[in-house]
Amino acid sequence: MAKLSSELYLISPLDVGGTFPDRLARALDAGPVAAFQFRVKGIDEHAAAALAEPLQRICADRDVAFIVNDSISLTKRLGADGVHLGQDDGDVKDARDRLGRNAQIGVTCHDSRHMAMDAGDAGADYVAFGAFFPSSTKDTKHVAGLDLLEWWQSIFELPCVAIGGITPANCGPLVQAGADFLAVSNAVWNGDEAANVAAFFEAIRANPRVNEEG
């Protein structure tokens, strides 16, 4: 199968207990998913680790990268594939020193070209831009435009992630503009996760990147 212009980067809902492991397995089996971000709030690291472990196994069985949100220490404890850092969650150099050269380190850069270039210079493996649309998952404080993706792709080889209110219906322009990954949460988990992942796959396939042939 030809490589897609963009790949899915799933972000967990805040509640990952109960039947969520089964839902995650269904989602990952429904179409190509590059990464899964474990994002929980307001619980201690021991409890977070207990919730993460079955999800990490599901991802490993399917060769899906398991990324931890915010916490370098939890990432190290789990031996996760990587960590995603917000602007206030530590720096790339510290994460690299603690997690090693093989860890995938991503950085939230909002709508800022400067932040993205700094993250790249510091050794990040990807940068995340957004929000591109209003999001029900997080308050939207920064709004990014398609021109940001186009600019990044025209200059840098470092992968970029688009985030914020992305759905199968609105993702086409992001794919065409150059988003290497689409970070999605509510649009998958609010409903039938398998059908929603399949819908994203079809939308990505129907919208090849503008500067790519075929």
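Student: What makes β5 and β6 a pair, and in which sense do they run?
Tutor: Keep in mind that this is a predicted model. Two strands pair if DSSP finds at least two bridges between them. β5 and β6 have 3 bridges in the parallel sense, so they meet the cut-off of at least two. One of the bridge partners is V127 in β6, which goes with V107.

Student: How does the chain get from β5 to β6, and what is the hand of that crossover?
Tutor: The path goes through helix α5, residues 113-122, and the β-α-β crossover is right-handed. That word is used because, with the strands pointing away from the viewer, the path from the first strand over the helix to the second runs clockwise.

Student: Which strand does β6 join through 4 bridges?
Tutor: That's β7, residues 160-163, and the two run parallel. The cut-off is at least two bridges, so with 4 bridges β6 and β7 count as paired too. Within β7, I163 stands opposite G130.

Student: Why is β6 called mostly covered?
Tutor: Buried means under 20% relative accessible area, and in β6, residues 126-130, that label goes to 5 of 5 residues. Both faces are covered: Y126, A128 and G130 are buried on one side, V127 and F129 on the other.

Student: What does the record mark as "binding site" along Q37 and F38?
Tutor: The unreviewed UniProt entry puts Q37, F38, R39, V40, K41, N69, T108 and K138 under that annotation. Of these, F38 lies in strand β2, residues 33-38, and T108 lies in β5, residues 104-108.

Student: Why does F38 count as buried?
Tutor: Its relative accessibility is 1%, and buried means under 20%, so F38 qualifies. Setting aside residues up to four places away in sequence, F38 touches S12, V16, A48, L51, A52, L55, F66, I67, V68, N69 and L74. N69 is among the residues in the annotation with F38.

Student: And what is T108 in contact with?
Tutor: Leaving out neighbours within four places in sequence, T108 is in contact with H84, L85, G86, Q87 and A128. A128 is one of the buried residues of β6.

Student: Which residues does UniProt list for "binding site" besides D70, and how do you know that they cluster?
Tutor: The unreviewed entry lists D70 and D89. They are spread over 20 residues of sequence, yet the largest C-alpha distance is 5.5 Å. D70 also touches D89, along with K41, V83, H84, L85 and G86, not counting residues up to four places away in sequence.

Student: Why is D70 called partly exposed?
Tutor: Buried is under 20% and exposed is over 50%, with partly exposed in between. D70 has a relative accessible area of 24%, so partly exposed is the label. D70 lies in the loop between β3 and α3.

Student: Zooming out, how many helices and strands does the protein have, and what makes it as compact as a globular protein of that length?
Tutor: There are 9 helices and 8 strands. The C-alpha trace spans about 45 × 40 × 35 Å along its principal axes.

Student: How much of the protein counts as buried?
Tutor: 49% of the 214 residues.

How values were computed: Residues numbered from 1 in each chain as written. Predicted model: local features only at pLDDT ≥ 70, side-chain atom pairs only at ≥ 80, totals over all residues. Heavy atoms only, no water. UniProt positions renumbered as here; feature names shortened; annotations may be inferred. Buried < 20%, exposed > 50% of the residue type's maximum accessible area, 1.4 Å probe, protein only. Contact = heavy atoms within 4.5 Å.
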